[in-house]
Every structure is written in C-alpha cells, then in structure tokens.
Amino acid sequence: MKIVKTEYIVVCDAGFSVLKDRAVAFSTKIEKIAPFYELKAEYPDAEQFEFGKGSVLMPGLINLHTHLEYSANLSTLVYGDFIDWLQSVITHRDTLADSCSEVCIDDALKSMLKSGTTTIGAISSFGKDLKSCAKSQMNVIYFNEVLGSAPNAVDAMYMDFLDRYEKSKEYESERFIPAIAVHAPYSTHRVLVNKVLAFAKEEGAFISTHFMESRYEREWLDNGGGRFGEFLKRFNPHAAPVNEPIEYLELFEGVKTLFVHGCYANDKELDLMERIGMIAHSPRSNRLLGNRRLEIEMLKNFALVTDGLSSNYSLSLWDEMRAAIMLHQKAPLPKLFKSLLLASTHYPAKLYKLNKGSVEVGKDSDLAVYHFDDIDEKNLAQTLLLHANEPKTLYIAGQEVKVLLL
Ligand code: MCF
Ligand code: FE
C-alpha cells in the first residue's frame with residue numbers, strides 16, 4: 001500500500017472535480033481518498049509520499065491510437081497531402097518497418113511513459129511490435145490490423161490476420177489486451193470486414209477503424225472518383241469502392257468501436273459513430289496529412305490520440321492537447337482545456353469500459369504526479385495544458401515506473 005499526498009488532485013471525472021488537501025491510499029487499485037492524517041492512521045504500514053506545494057495528482061493519460069512500427073520515420077514520409085503521403089507509405093513501408101528495431105519500438109514506448117501515458121492502443125500492421133508491447137510496463141490494447149481490398153485476397157489476408165491475432169493471444173494479460181483494427185473502408189473489402197467482425201464478436205474483442213480521414217476517401221466512397229480513383233486504378237484498372245459509408249459503419253453495430261479521424265464524415269455518420277462507439281481525434285496527424293479540422297464542437301465527446309510517428313513528430317498527448325488548442329481557434333478556452341484533459345483520460349476509458357481514467361476509489365492505480373512552481377486553483381486545467389510535459393512520478397497498477405529515471 002502507498003499513500004500519496006499532493007496539493008491538488010485533478011480527478012478527471014465527468015464534472016471535472018478538483019480536490020485540495022486530500023491524499024490517496026492505493027495498492028493496485030485506489031482504496032481511499034481522505035486527508036493525509038486520516039490515511040496515515042488507517043494504513044500505518046503504507047509507504048508515504050508527500051509532494052509539496054505546486055504538486056498535482058491526476059490519472060495516467062490514455063492514448064488509444066498509435067502505429068509503433070512506423071517509429072523510425074523522421075523524413076521518409078511526405079506530408080501535406082493525403083494521397084502523396086499514402087503513396088510514400090506504400091513505397092517505404094517495408095523499409096521503414098525494417099529500420100524500426102525492437103530498440104526503436106521500446107524507445108517509442110518509453111517516450112510515451114515519460115510523457116505520463118499509462119495506456120495505449122497500438123495498431124500493429126506486421127506484428128513486429130508484439131514483444132515490446134507485451135513486456136512493457138504500459139497497459140496496451142494491441143490492435144492487430146487487417147486490410148485488403150481485392151476480393152480474391154480476402155482469405156489470405158484473413159489468415160494472415162488470424163495468425164498475428166493468435167500470436168498476440170499468447171501474451172494476453174491484465175496489462176496486454178489483444179484486439180482488432182480494420183484499416184479503413186477504402187482498403188478493406190466488405191467481405192473481409194464482415195468475416196473479421198463476426199470473429200471480433202465471438203471473441204468480444206475491442207475494435208478500431210480509420211474512417212473518413214481525407215477528402216479523397218469521401219469522394220471515392222461517394223462516387224468512385226477523385227484522386228483516390230486515379231491512385232487505385234494504377235494498381236487495378238477496374239477498381240471500385242469496396243464499401244458504402246453508412247453500410248460500413250452499420251457493420252460495427254454491437255461492437256465498441258473507436259472510429260479514427262472522421263474529418264470528412266457527415267452529420268449522419270458522426271451520429272452513428274457516436275452511437276456505436278467513439279471518435280478519435282488526432283489534430284497534428286490531420287494537419288500534417290492535409291486533412292481538414294474535425295468539428296469537435298459537433299461531438300458529445302471524443303478520444304484524443306497522437307496517431308503514429310508516421311504522421312506526427314511526438315507521441316506525447318500533452319503536445320497533442322497544445323496543438324488542439326491552436327487548431328480549434330474558435331473554441332472557448334477554459335472549456336476546451338477541460339474537454340481535452342477528459343479526452344485524454346476519462347472518455348477513452350469509458351469507450352472500452354477500462355477501470356481507469358479518473359482518480360476515484362476502486363479505479364486502477366495508474367497515476368501521475370506533476371509539479372509546477374506556481375499554481376492558481378482557478379487555472380489548474382490551463383496550467384496542466386500549457387506546462388505539463390513529464391510527470392515527477394508515475395504509477396501503473398500501483399507500481400512506480402522506473403523509466404522516468406532514465
Ligand atoms: O493514421 C495514419 C493515417 N491513416 C491511415 N493509416 C496509417 C496512419 N499511420 C500509419 N498508417 C498505416 C496503416 O496502419 O499506413 C498503412 C496502414 O498499414 C496504410 S495502407 C497501406
Ligand atoms: Fe492511424
């Protein structure tokens with residue numbers, strides 16, 4: 001048992017409560033929140049940690065969408081336009097994945113821990129990140145990716161996916177949850193989507209999919225035209241869309257799904273995605289790949305994600321929150337600060353019913369302590385948003401994470 005006392009606790013519950021002069025007693029789960037002296041009397045054998053003035057305790061951050069296998073990308077992939085980027089991915093994806101060794105993936109995971117992230121969703125295209133994710137101290141939802149638009153390749157692509165999924169099942173634990181990512185409606189044939197979703201339902205697996213990320217995806221799925229058409233017809237002159245947008249979304253009905261991007265989704269699609277699951281928002285990835293701003297003001301809530309280093313320059317959700325402030329110029333700031341903090345903690349936990357994302361009795365003890373030289377309680381969310389980078393101490397399931405000392 002440990003007792004941690006900080007000046008403030010940013011609970012990250014739906015009402016954005018802030019506690020002052022309270023301490024938290026926890027083992028793997030949070031046992032009690034009360035004044036420090038009470039907890040010391042109740043748990044005399046607990047290790048005690050008293051952080052002074054300017055200290056803030058909050059839940060570890062949850063980043064449900066990243067692509068670790070692309071972490072070697074510094075200048076290989078072309079930014080500015082989605083089709084140019086996709087072409088560069090297709091040209092370089094094997095060499096990029098080969099140049100990201102286990103060390104490179106471990107470093108990416110460490111950088112996320114160092115920025116206070118305690119749970120991630122890792123989209124795995126090849127299975128090269130399996131060992132690193134399975135042995136990491138981080139909580140990992142490991143999304144085995146499936147894609148393939150050619151009808152005659154459906155069985156082969158499904159078998160390849162199944163093989164990776166089964167391998168990931170060998171490492172299943174409280175920390176490591178095998179899951180499934182259907183790449184996108186333009187790249188995954190509906191027969192393959194159906195097959196994988198039937199399997200996901202049997203398994204009760206978590207699901208994620210990219211949806212309506214670019215204007216090219218919109219044009220292609222709506223009328224089989226635009227630059228996506230030209231692009232795909234180079235590989236197959238008879239190429240035609242393999243999904244209809246609404247029908248595609250309806251296939252996910254009944255499975256908790258994270259829909260990633262949605263920048264070009266219409267109102268009906270946004271509603272449907274929010275009913276079935278939740279939308280993931282990645283402002284830096286969208287900007288770098290030439291995609292328009294997601295209208296977050298239209299959403300009930302959303303999960304903030306960094307995407308991979310294939311479309312970003314850091315895997316820190318703090319950096320992502322700060323970018324979101326700049327992208328959503330018209331959003332009133334005090335409200336945006338709070339909703340971005342919840343989009344990095346409480347909301348993503350809610351989608352998959354993870355017992356995480358807030359500092360409340362009974363929740364998993366994934367906790368981060370930050371320190372600021374000067375704090376005004378009225379501006380706590382603002383101070384975190386603008387100045388938090390690395391926690392002083394991080395706990396996952398009640399254990400201190402040593403990577404912060406490296
Ligand atoms: O989220 C970004 C942009 N949208 C789509 N895909 C990816 C992203 N970062 C990496 N990817 C991967 C995706 O998992 O790129 C490939 C897929 O394997 C594109 S399709 C050959
Ligand atoms: Fe992505």
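**Exercise 1. Determine which residues of helix H10 are buried in this predicted model, and which elements they pack against.**

Solution. Start with the helix itself: in this predicted model, H10 covers residues 267-276, and its buried residues are Glu269, Leu270, Leu272, Met273, Glu274 and Ile276.

**Exercise 2. Identify the donors of the iron ion (ligand 2) and state whether His65 and Asp307 are buried or exposed.**

Solution. First list the donor atoms: the iron ion (ligand 2) is coordinated by NE2 of His65, His67 and His210 and by OD of Asp307, at 2.1 to 2.4 Å. Then place the donor residues along the chain, where their spacing reads H-x1-H-x142-H-x96-D. His65 lies in strand E8 (residues 61-66), whereas Asp307 lies in the loop between strand E15 (303-304) and helix H12 (317-327), so that the pair, 242 residues apart, links distant parts of the chain. Finally, apply the cut-off of under 20% relative accessible area for a buried residue: His65 is buried because its relative accessibility is 0%, and Asp307 is buried because its relative accessible area is 3%.

**Exercise 3. Describe how helices H12 and H15 are oriented, and which residues make the contact between them.**

Solution. Take the geometry first: the axes of H12 and helix H15 (residues 380-387) come within 8 Å and cross at roughly 110°. Angles of 65 to 115 degrees count as roughly perpendicular, and H12 and H15 are therefore roughly perpendicular to each other. The contact is made on the H12 side by Trp318, Met321, Arg322 and Ile325, and on the H15 side by Leu384, Leu385, Leu386 and His387. Sorted by class, the contact has six nonpolar residues, one polar and one charged.

**Exercise 4. Work out the strand order of the open six-stranded sheet and find which strands stand at its edges.**

Solution. Reading across the sheet, the order is E3-E2-E7-E16-E17-E18, with mixed pairing. Strand E3 (18-20) and strand E18 (399-400) each have a single partner strand, and therefore stand at the edges with one side left without a neighbour in the sheet. Within the sheet, strand E7 (residues 55-59) pairs with strand E16 (residues 367-371) in the antiparallel sense over five bridges, and Pro59 has Leu367 of E16 as its bridge partner.

**Exercise 5. Characterise the surroundings of Ala108.**

Solution. Ala108 belongs to helix H3 (residues 102-114) and is buried, with a relative accessible area of 5%. Once neighbours within four places in sequence are left aside, Ala108 is in contact with Leu68, Ser71 and Leu315.

Terms used: Residues numbered from 1 in each chain as written. Chains lettered and ligands numbered in written order. Predicted model: local features only at pLDDT ≥ 70, side-chain atom pairs only at ≥ 80, totals over all residues. Heavy atoms only, no water. Donors = N, O, S within 2.8 Å, 3.2 Å for Na, K, Ca; no water. Helix = DSSP H or I, 4+ residues; strand = E, 2+ residues; numbered from the N terminus. Buried < 20%, exposed > 50% of the residue type's maximum accessible area, 1.4 Å probe, protein only. Contact = heavy atoms within 4.5 Å. Pairing = 2+ DSSP bridges. Axes fitted to C-alpha atoms, helices over the stretch in contact; angles between N-to-C directions. Parallel < 35°, antiparallel > 145°, perpendicular 65-115°, else oblique. Nonpolar A, V, L, I, M, F, W, Y, C, P; charged D, E, K, R; others polar.
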